[in-house]
Amino acid sequence: LSAELLLVVAQLYNADAYLLQERSLDYTGGKDTPLNFIHRANKSLSAIVPQVDSSSSLLLELQILMANNEGVALVVEGDSVGALGSFRKATQLLKSRLSNDRKGMQHLPWLLIPTYFNLSLILLRDGHLEESARSWLLARKYLPCWEKAIRGNSEALKKLRDIHTVAINRHV
């Protein structure tokens, strides 16, 4: 079982390496694209899912990574509709685990920001401004504050401005 999981991780690593280089085409007749590596990793993962405890954090982590990476690879290949579906799948997997089992998320919080960032970014790029903002603010735990601010609550608006100032100052 561990050798099979290592194969999945190796295939994901390969896909990540290609994505970092922004290689969507190669000289092997299209066999070594990020999307193909992800599809192979997904096929390997699907084969071992029945053998692994469904509550496994590692299994969930790999499934979320797979969906998120597939979305990135689809963006690189120009398929924003497919990418949006993959990013939604990744966030749904994460959300379902968050709502069902807070304790089980001890090892997964690091996936929250990149997964929601990718979803929010593609929503923004495709013109879904409000959905993008809601998605990102939900991940950052600022959605309730934002909802109060848009209803005219001046204290909530001040808090959002303060959060914005802190974020900007961290990156300057």
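1. Setting aside its neighbours within four places in sequence, S120 is in contact with S132, S135 and W136, where contact means heavy atoms within 4.5 Å. S120 is placed in helix α5, helices here being DSSP runs (H or I, at least four residues; strands are E, at least two) numbered from the N terminus. With a relative accessibility of 4%, S120 counts as buried, on a scale where buried is under 20% relative accessible area, exposed is over 50% and partly exposed lies in between (1.4 Å probe, protein chains only). From C-alpha to C-alpha, S120 and A139 are 9.7 Å apart in space, although 19 residues apart in sequence.

2. On provenance, this is a predicted model, in which local features need pLDDT of at least 70 and side-chain atom pairs count only at pLDDT 80 or more, while totals for chains, interfaces and linings use all residues. Residues are numbered from 1 along each chain as its sequence is written, and side-chain values use heavy atoms, with hydrogens and water left out.

3. As to overall make-up, the protein has eight helices and zero strands, and its pattern read along the sequence is α-α-α-α-α-α-α-α. Of its 172 residues, 37% count as buried. Among contacts between residues at least 6 apart in sequence, 52% join residues at least 24 apart.

4. How do α5 and α6 pack? Their axes come within 8 Å and cross at roughly 170°, the axes being lines fitted to C-alpha atoms, for helices over the stretch in contact, and the angles running from 0 to 180 degrees between N-to-C directions. The two helices, α5 and α6, are therefore roughly antiparallel to each other, given that angles over 145 degrees count as roughly antiparallel, under 35 as roughly parallel, 65 to 115 as roughly perpendicular and the rest as oblique. On the α5 side the contact involves L112, I113, Y116, F117, L119, S120, L123 and L124, which meet L129, E131, S132, S135, W136, L138 and A139 of α6. By class, this contact of α5 with α6 has eleven nonpolar, three polar and one charged residues, where Ala, Val, Leu, Ile, Met, Phe, Trp, Tyr, Cys and Pro count as nonpolar, Asp, Glu, Lys and Arg as charged, and the others, Gly among them, as polar.

5. Helix α5 also packs with α3, at an angle of about 30° and with the axes 10 Å apart, and that makes α3 roughly parallel to α5. The crossing of α3 and α5 is left-handed, a term that applies if the near helix is turned anticlockwise from the far one by less than a right angle, clockwise being right-handed. I64, N68, V72 and V75 of α3 make the contact with P114, T115, N118, I122 and R125 of α5. Its class count is five nonpolar, three polar and one charged residues.

6. Is T115 buried or exposed? At 1% relative accessibility T115 counts as buried, and its place is in helix α5. Not counting residues up to four places away in sequence, T115 touches I64, N68, A90, T91 and L94.

7. The largest nonpolar core has 17 residues, and those with the most contacts inside it are L45, M66, A83, L84, F87, L119 and I122; such a core is a set of buried Ala, Val, Leu, Ile, Met, Phe, Trp, Tyr and Cys residues joined through side-chain atoms within 4.5 Å. Helices α2 (34–48), α3 (57–76), α4 (80–100) and α5 (112–125) each supply at least two residues of this core. A second, separate core of nine residues includes L60, A67, A90 and A139. Beyond its neighbours within four places in sequence, F87 is in contact with A67, N68, G71, V72, V75, N118, L119 and I122.

8. K141 deserves a separate look, as a residue other than glycine with a positive phi, near 65°. K141 lies in the loop between α6 (129–139) and α7 (143–150), and it is exposed, with a relative accessible area of 66%.

9. Finally, α7 and α8 pack at an angle of about 130°, with their axes 7 Å apart, and are therefore oblique to each other. C145, W146, K148 and A149 in α7 meet A156, L157, K159 and L160 in α8.
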